[in-house]
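Dear colleague,

Please find the structure below, together with its sequence.

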2 protein chains.
Amino acid sequence: MEYYIGLDIGGTFVKGVCVTAAGEVLAEDKCPTGSEQGGGAMCDNIAALCRSLLSRVPEGRLAGIGADCPGMITGGVVKFAGNLGLKDFPLADELEKRLGMRAELANDAHAAALGEAVFGAGRNYKNSILVTLGTGVGGGIVIDGKLFEGGFAVGTEIGHMVIERHGEMCTCGRRGCFERYASATALTRRTKYAMEEDAGSAMWSKYTSDTCTGKTAFEFMDTDRTAREVVDWYIKYLACGLVNLANIFRPEVIMLGGGVAAQGERLTEPLQAVMDKEIFGGNGFAAVKIVPASLGNSAGAMGAAALCMKSGR
Amino acid sequence: MEYYIGLDIGGTFVKGVCVTAAGEVLAEDKCPTGSEQGGGAMCDNIAALCRSLLSRVPEGRLAGIGADCPGMITGGVVKFAGNLGLKDFPLADELEKRLGMRAELANDAHAAALGEAVFGAGRNYKNSILVTLGTGVGGGIVIDGKLFEGGFAVGTEIGHMVIERHGEMCTCGRRGCFERYASATALTRRTKYAMEEDAGSAMWSKYTSDTCTGKTAFEFMDTDRTAREVVDWYIKYLACGLVNLANIFRPEVIMLGGGVAAQGERLTEPLQAVMDKEIFGGNGFAAVKIVPASLGNSAGAMGAAALCMKSGR
């Protein structure tokens, strides 16, 4: 049996897993990222975490190490990662110095998509897309079982696809980007706005316009018309972007990740109805399923491990 | 020297080329498609065209045959091609029966993209997109030198990416699709509308609102404000879709094909300015160039030939 280490480097913690090619988890652990002390200190922390995981691996059975982090990663170098304070940092080289083995690197959204594709909700499909509904909308694309990262590995910024040309201003400088409507942030903002417009909404019984979240409208959708309208608004925009992606990539499955995806069928059923109706050429051939992702917070680390498996890249 | 035959099956004619892997053209010819007499008759015509081309190839030097046609092509079968009146037609099998060699098949927009990528404006790049501005907006995507056709080879319907959610109704049933704004048809429609709104436009000196085309506004853009506004409108929408594609795929180059692309720098310069300003993360890293395609009507047949070259798939 061969083992693979996967490292998901986040702003606060590094999550590490040691898995087999079949996805069995031998060990998992985490450590503080510590990037505020610089990239070198961060790599020292990661190396220590790796050694702790490696202590569980039988001699000579480590087949590869993979790592992911947020930001722009290309050719083993972190071109830019705002959350980690890194710029043009040769992460693969630095890890190799400390571990004696070269690590495969990827962007965290890409790694999570690969994790879901290899071990999670996409494991029975060759072509899948993971759409993560969080602060923004992130995405990763797996084609023919391989991670597709775009040119120079910096593509697949699906959250920055304009779907409403004269729409809301986005942080990227354009108007009407998908993530201005489909992120958890956008859902929360819409909920807050709807509550402020409707003093009689049942949502006020439990939340204020400052404490409402992306869950609030779903929680009240069966009993409050304003909440229902917020959910309908959200689903229309989310569906619009998902059908765009389906028309461009025609994956077998689109997996939804991030907190909003916990709504399960309340989210996927209406989205599937729009998809089946609107997908180009109809759903009679090469239909696209919409399902919740299944690995939760482990998708990144599992996917990082998969980066160095034969199937992953 | 080995030779490849490429066949571009259009609604009226089949264009055939015989080329080397370096793109040198040994012979070219065409024949009527004749699909109105059925798929079998069409295949007889294509086989005769092939034999005529083959008569120029030294014995034993034919390395492959590739063909493209409009519509939904998957696994050697034409699932649906409205222009040819074909449905679930086993084109690869039928050609093999007649030619004794299996032909590689692709959708015509995909083949054209491969042709431009291997032999045309994209030949110096690994990642390119061909966007064809015609009756609709078609597209083909080449990643790492290989044609990317989407799942089941029926993806990359980039014309049916919504960019204006509450916009104009599209033939596909959705509102605000890219091709409703960026096709030659859309440009002509907008020109007609602008002329009808401005009786004093200089465009009336040469055209009526029935004879204007996608060229009219470009022809008068330097001397007529209304014409200039039409061009500006068109470029804004076209740029919006191209930046979306750049953010999703991050190709090195986007090539523009179809009649409108003949405008050259009048089109590409303002598009490039928007791209450089709006591409996600800026153009400092992995900039995306916008250029006219270079093979014209030969792109499809050349790309069909490339389908069976090592580099193509």
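**A buried leucine and the aromatic rings**

A:L238 is buried, because its relative accessible area is 0%, and buried means under 20%. Please bear in mind that this is a predicted model. The residue A:L238 belongs to helix α7 of chain A, which covers residues 225–249. Apart from neighbours within four places in sequence, A:L238 contacts A:L133, A:F178, A:A182, A:L267 and A:L271. Between A:L238 and A:L256 there are 11 Å from C-alpha to C-alpha, with a separation of 18 residues in sequence.

The aromatic rings come next. Over all chains, 14 aromatic pairs were counted. One of them is the stacked pair of A:Y181 and A:Y237, with 4.3 Å from centre to centre and 10° between the planes. This pair links distant parts of the chain, 56 residues apart: A:Y181 is in helix α4 and A:Y237 in helix α7 of chain A. Both A:Y181 and A:Y237 are buried.

In chain B, B:Y207 and B:F220 form an edge-to-face pair, at 6.3 Å centre to centre and 85° between the planes. B:Y207 lies in the loop between α5 and α6 and B:F220 in helix α6, so the pair ties together parts 13 residues apart in sequence. B:Y207 counts as buried at 16% relative accessibility, and B:F220 counts as buried at 9%.

A:F148, A:F249, B:F148 and B:F249 make up one aromatic cluster. Finally, two charges deserve mention. The charged end of A:R165 sits over the ring of B:Y237, 4.6 Å from its centre. That of B:K30 sits over the ring of B:F13, 4.2 Å from its centre.

Yours sincerely

Terms used
Residues numbered from 1 in each chain as written. Chains lettered and ligands numbered in written order. Predicted model: local features only at pLDDT ≥ 70, side-chain atom pairs only at ≥ 80, totals over all residues. Heavy atoms only, no water. Helix = DSSP H or I, 4+ residues; strand = E, 2+ residues; numbered from the N terminus. Buried < 20%, exposed > 50% of the residue type's maximum accessible area, 1.4 Å probe, protein only. Contact = heavy atoms within 4.5 Å. Phe/Tyr/Trp six-rings, centres within 6.5 Å; stacked < 30°, edge-to-face > 60°. Lys NZ or Arg CZ within 6 Å of the ring centre and 35° of its normal.
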